[in-house]
Every structure is written in structure tokens, then in C-alpha cells.
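Please keep the structure open beside them as you go.

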Amino acid sequence: MMARQVSIDFFRAETRRRELEVDLEQAAAAEPVAVPERCGAEAVSDEVLNRAMGRLTPSLRETVELVVFQNLPYAEAAEVLGVPLGTVKSRLFNALRKLKDYLGHGR
């Protein structure tokens with residue numbers, strides 16, 4: 001039962017990461033950013049992501065970093081953050097919604 005939940009959490013995190021990557025690619029294509037020629041599109045995406053992540057509150061940013069970027073299951077992220085599992089889910093939902101809004105894809 002626990003392995004099943006860990007699997008589900010992993011696939012959910014993967015789905016969210018892919019959605020965020022697509023949003024970032026679209027934002028990078030839509031938002032002109034002055035980048036030296038030697039930097040590729042990946043650098044632009046990082047810059048756009050960093051600006052959007054910087055607008056999140058520290059608790060939302062920490063949650064996104066743990067669940068999306070470090071692939072931690074919700075239960076492990078809750079343990080690291082010292083908050084209930086529902087709080088992790090709520091923070092992640094709110095953070096991703098805000099990131100989409102910041103990137104212009106939540107309208």
C-alpha cells in the first residue's frame with residue numbers, strides 16, 4: 001500500500017514538473033529577455049523561473065523546491081518541513097497556481 005502511494009506521488013510530481021516546464025518554455029518564448037548569444041533557451045527558462053519563484057513566499061518556495069525539483073513524495077516533504085501532509089498539498093497547489101499567474105498562463 002505504501003509503495004503504491006509513493007508511486008502515485010512520484011507520478012504526480014513528474015506531471016507537475018512537466019506542466020511547469022511547458023509553462024516556462026511558453027513564458028520564455030513569449031517574454032523577450034536580453035540574454036547573451038552564447039546562452040541558450042535553457043538559461044532564459046532558468047531566469048524566468050528564478051524570477052517567478054522569487055515572488056513566492058518562502059514557505060511556498062520551499063514546498064515547490066522539495067516536491068517538484070527534488071522529487072520528494074508529499075509525505076517526506078511534510079516531514080522535512082515539519083507540517084501536516086495536507087499543508088504540503090495545499091502549499092503546492094497555491095504555489096503552482098501563483099507561478100502560472102506570474103508566468104501569464106493562469107488567465
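1. Just after α3, asparagine 71 takes a positive phi of about 60°. Asparagine 71 has this positive phi although it is not a glycine. That is worth a look, because most residues other than glycine have a negative phi. The residue sits in the loop between α3 and α4 (74-81). Is asparagine 71 buried, exposed or partly exposed? With a relative accessible area of 34%, asparagine 71 is partly exposed, since buried means under 20% and exposed over 50%.

2. A word on the whole before going further. Please bear in mind that this is a predicted model. The protein has five helices and zero strands, and its pattern along the sequence reads α-α-α-α-α. Of its 107 residues, 34% count as buried. As for contacts between residues at least 6 apart in sequence, 52% of them join residues at least 24 apart.

3. Next, helix α3 itself, which covers residues 58-69. Its twelve residues should span 16 Å at 1.5 Å a residue, and the end C-alpha atoms are 15 Å apart, so the two values agree. Which residues of α3 are buried? They are Leu60, Thr63, Val64, Leu66, Val67 and Val68.

4. Threonine 63 lies in α3 and is buried, because its relative accessible area is 0%, below the 20% cut-off. Leaving aside neighbours within four places in sequence, threonine 63 is in contact with Val68, Leu81, Val88, Arg91 and Leu92. Valine 68, also found in α3, is buried with a relative accessible area of 1%.

5. Helix α5 takes in residues 85-102. Its 18 residues should span 26 Å at 1.5 Å a residue, and its end C-alpha atoms are 26 Å apart, which agrees. Buried in α5 are Val88, Leu92, Ala95, Leu96 and Leu99. Seen down the axis of α5, the buried residues fall within an arc of 95°, so they line one face of the helix. Just after α5, glycine 104 takes a positive phi of about 80°.

6. How do α3 and α5 pack, and at what angle? Their axes are 9 Å apart and the angle is about 100°. That makes α3 roughly perpendicular to α5, because angles of 65 to 115 degrees count as such. From α3, the residues Ser59, Leu60, Thr63, Val64, Val67 and Val68 meet Val88, Arg91, Leu92, Asn94, Ala95 and Lys98 of α5. The residues of this contact divide into seven nonpolar, three polar and two charged.

7. Helix α4 also packs on α5. The axes of α4 and α5 come within 8 Å and cross at roughly 100°, so α4 and α5 are roughly perpendicular to each other. Here Tyr74, Ala75, Ala77, Ala78 and Leu81 in α4 meet Leu85, Val88, Lys89, Arg91 and Leu92 in α5. Which kinds of residue make up the contact of α4 with α5? There are eight nonpolar, no polar and two charged.

8. Last, a charged residue for you to check. Arginine 16 has its place in helix α1 (residues 2-30). Is arginine 16 buried or exposed? Arginine 16 counts as buried, because its relative accessibility is 12% and the cut-off for buried is 20%. Leaving aside neighbours within four places in sequence, arginine 16 is in contact with Val67, Tyr74, Leu92 and Leu96. Arginine 16 and leucine 92 are 76 residues apart in sequence and 9.7 Å apart in space, C-alpha to C-alpha.

Methods
Residues numbered from 1 in each chain as written. Predicted model: local features only at pLDDT ≥ 70, side-chain atom pairs only at ≥ 80, totals over all residues. Heavy atoms only, no water. Helix = DSSP H or I, 4+ residues; strand = E, 2+ residues; numbered from the N terminus. Expected span 1.5 Å × (residues − 1). Buried < 20%, exposed > 50% of the residue type's maximum accessible area, 1.4 Å probe, protein only. Arc of directions from axis to C-beta. Axes fitted to C-alpha atoms, helices over the stretch in contact; angles between N-to-C directions. Parallel < 35°, antiparallel > 145°, perpendicular 65-115°, else oblique. Contact = heavy atoms within 4.5 Å. Nonpolar A, V, L, I, M, F, W, Y, C, P; charged D, E, K, R; others polar.
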